[in-house]
Amino acid sequence: MKLKQRVVLLAILLVIFIFTKVFLIDNLDTSAANREDQRAFQRMLSGLRVALDPRLEHTMQSPWEIAAQWVVPREVYPEDTPELGAVMHAMTTKKIIKADVGYKGTQLKALLILEGGQKVVFKPKRYARDYIVEGEPYAGYDRHNAEVAAFHLDRILGFRRAPLVVGRFVNLRTEIKPVATEQLLGTFMTVGNNTCFYGKCYYCRETEPACADGDIMEGSVTLWLPDVWPLQKHRHPWGRTYREGKLARWEYDESYCDAVKKTSPYDSGPRLLDIIDTAIFDYLIGNADRHHYESFQDDEGASMLILLDNAKSFGNPALDERSILAPLYQCCIIRVSTWNRLNYLKNGVLKSALKTAMLHDPISPVLSTPHLDALDQRLLSILATVKQCTDQFGPDVVLVEDRMTLSHL
């Protein structure tokens with residue numbers, strides 16, 4: 001064999017070797033990632049039940065100190081949380097030492113300080129579990145039980161980007177009024193035999209108070225994020241105009257995602273994929289009110305999109321507002337880990353998992369059966385949407401590998 005032929009043959013063999021090696025390594029990496037996703041899913045299922053237990057083992061720290069140490073740029077709480085039940089027990093039982101109005105936002109809430117100095121946001125019950133909110137998908141009062149359900153869905157999806165939420169019953173006469181500020185106390189009234197308050201907010205009205213059953217009010221408490229992690233507010237690129245007859249650009253421009261991809265912080269880093277994760281989360285819970293979102297301050301797009309304020313959810317189980325999924329079907333990308341998790345939750349697993357996760361909450365049952373059934377149906381719509389994308393662009397384009405290291409040092 002001539003030298004030139006030998007060189008050509010060696011070159012061909014070298015190319016085949018490199019291609020085979022790269023192909024095998026890629027397959028092994030993908031397989032390893034998928035196996036890790038399966039293991040993470042099984043760990044989530046095994047830890048779904050959160051018994052509210054006051055015991056904190058192997059630590060002298062308070063539940064508030066533990067929860068504060070959990071927070072890092074990419075998650076609010078870690079995957080492995082043996083102390084979660086103790087923290088949530090403290091949220092629902094610790095003595096209220098101060099109560100004030102919750103100024104920010106459009107909806108009624110109260111800011112409570114619990115024993116040990118921990119802030120929580122209290123949202124009162126406004127609707128019965130089977131009440132259906134008619135009208136626009138963002139209509140109606142906040143739903144306190146939606147906050148509870150959304151937190152547990154965040155756990156199930158493996159995002160871990162929602163602050164801790166748990167249901168709580170408070171006695172307005174004995175627990176709130178004695179420690180209330182003058183501003184909050186001035187909004188209290190009696191309607192029939194029930195103690196009520198209307199607070200201070202954009203839509204708070206004396207004519208529309210939240211009323212307890214006698215003195216006992218059901219609500220949700222959301223754990224305030226540590227002050228060492230200041231928040232930065234952003235306008236959601238797929239936000240609505242909230243004006244009749246006026247559409248946002250994304251509602252008529254099918255190439256809108258291309259423009260978003262050219263603007264910071266969506267042109268690099270994880271933020272656009274966070275937006276798409278959030279669209280999936282919001283579609284499942286029926287939340288069409290994500291006009292703004294928060295991240296940690298000065299993060300340059302690296303921190304997570306924090307899933308705050310999920311109370312405009314679970315209003316109408318019969319309404320599937322497809323426009324919530326616009327970031328997904330316009331950008332046609334999704335994290336591989338998110339895609340895997342959604343597939344693991346098919347065939348009724350999602351509904352069953354959420355029921356199990358909420359079983360021990362003080363205000364259980366948190367959701368009515370129609371809302372639980374709607375989750376499984378909406379999941380199928382999400383999977384079908386991703387399939388349409390992969391059919392059009394191919395899985396290599398649509399399914400994005402974006403696993404980020406989460407440090408708890």
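The second largest pocket of this predicted model has a volume of about 980 Å³. A pocket here is an open set of points on a 1 Å grid over the protein atoms alone, with protein on both sides within 12 Å along at least five of seven lines, whereas a cavity is a set of points where a 1.4 Å probe fits but cannot get out. Points are joined across faces, edges and corners, and a volume is the space filled by probe spheres set on them. Local features need pLDDT of at least 70 and side-chain atom pairs count only at pLDDT 80 or more, while totals for chains, interfaces and linings use all residues. Residues are numbered from 1 along each chain as its sequence is written, and side-chain values use heavy atoms, with hydrogens and water left out.

**Second largest pocket**

- The lining (residues with an atom within 4 Å of a point) comprises 43 residues, and Ala40, Glu79, Gly158, Arg160 and Arg341 lie nearest the centre of this pocket.
- Helix 1 (3-46) supplies the largest share of the lining, seven residues; helix 3, helix 4 and helix 10 (336-344) each supply at least two. Helices are DSSP runs of H or I with at least four residues, strands are E runs of at least two, and both are numbered from the N terminus.
- By class, the lining has 19 charged residues (Asp, Glu, Lys and Arg), 16 nonpolar ones (Ala, Val, Leu, Ile, Met, Phe, Trp, Tyr, Cys and Pro) and eight polar ones (the others, Gly among them).
- Domain 1 (63-223) and domain 2 (231-400) each contribute at least three lining residues, the domain bounds coming from an automatic or database assignment.

**Cavities**

- The structure holds six cavities of 30 Å³ or more.
- The largest cavity has a volume of about 150 Å³ and is lined by 16 residues, with His236, Trp238, Arg240, Arg290 and Ile324 nearest its centre. Helix 8 (271-285) and helix 9 (326-331) each supply at least two residues of this lining.
- The second largest cavity holds about 100 Å³ of space, and Pro137, Gly286, Gly315, Asn316 and Leu319 lie nearest its centre among 13 lining residues. Both domain 1 and domain 2 provide at least three residues of that lining.

**Salt bridges**

- The whole structure contains 22 salt bridges, each a side-chain nitrogen of Lys or Arg within 4 Å of a carboxyl oxygen of Asp or Glu.
- Arg160 and Glu75 form a salt bridge at 3.0 Å, N to O. Arg160 lies in the loop between helix 4 (144-157) and strand 4 (165-171) and Glu75 in the loop between helix 2 (63-70) and helix 3 (84-93), so the pair ties together parts 85 residues apart in sequence. Both residues are buried, that is, under 20% relative accessible area with a 1.4 Å probe and protein chains only; exposed is over 50%, and partly exposed lies in between.
- Lys123 and Asp142 form a salt bridge, with the closest N and O atoms 3.3 Å apart. Lys123 is buried at 6% relative accessible area, and Asp142 is buried at 8%.
- Arg43 and Glu36 meet in a salt bridge at 2.8 Å, N to O; Arg43 is partly exposed at 37%, as is Glu36 at 31%.

**Strand 4**

- Six of the seven residues of strand 4 are buried, so this strand is largely enclosed by the rest of the structure.
- Strand 4 runs antiparallel to strand 8 (residues 216-223), and seven bridges join them; pairing requires at least two DSSP bridges. Asn171 stands opposite Ile216 in strand 8.
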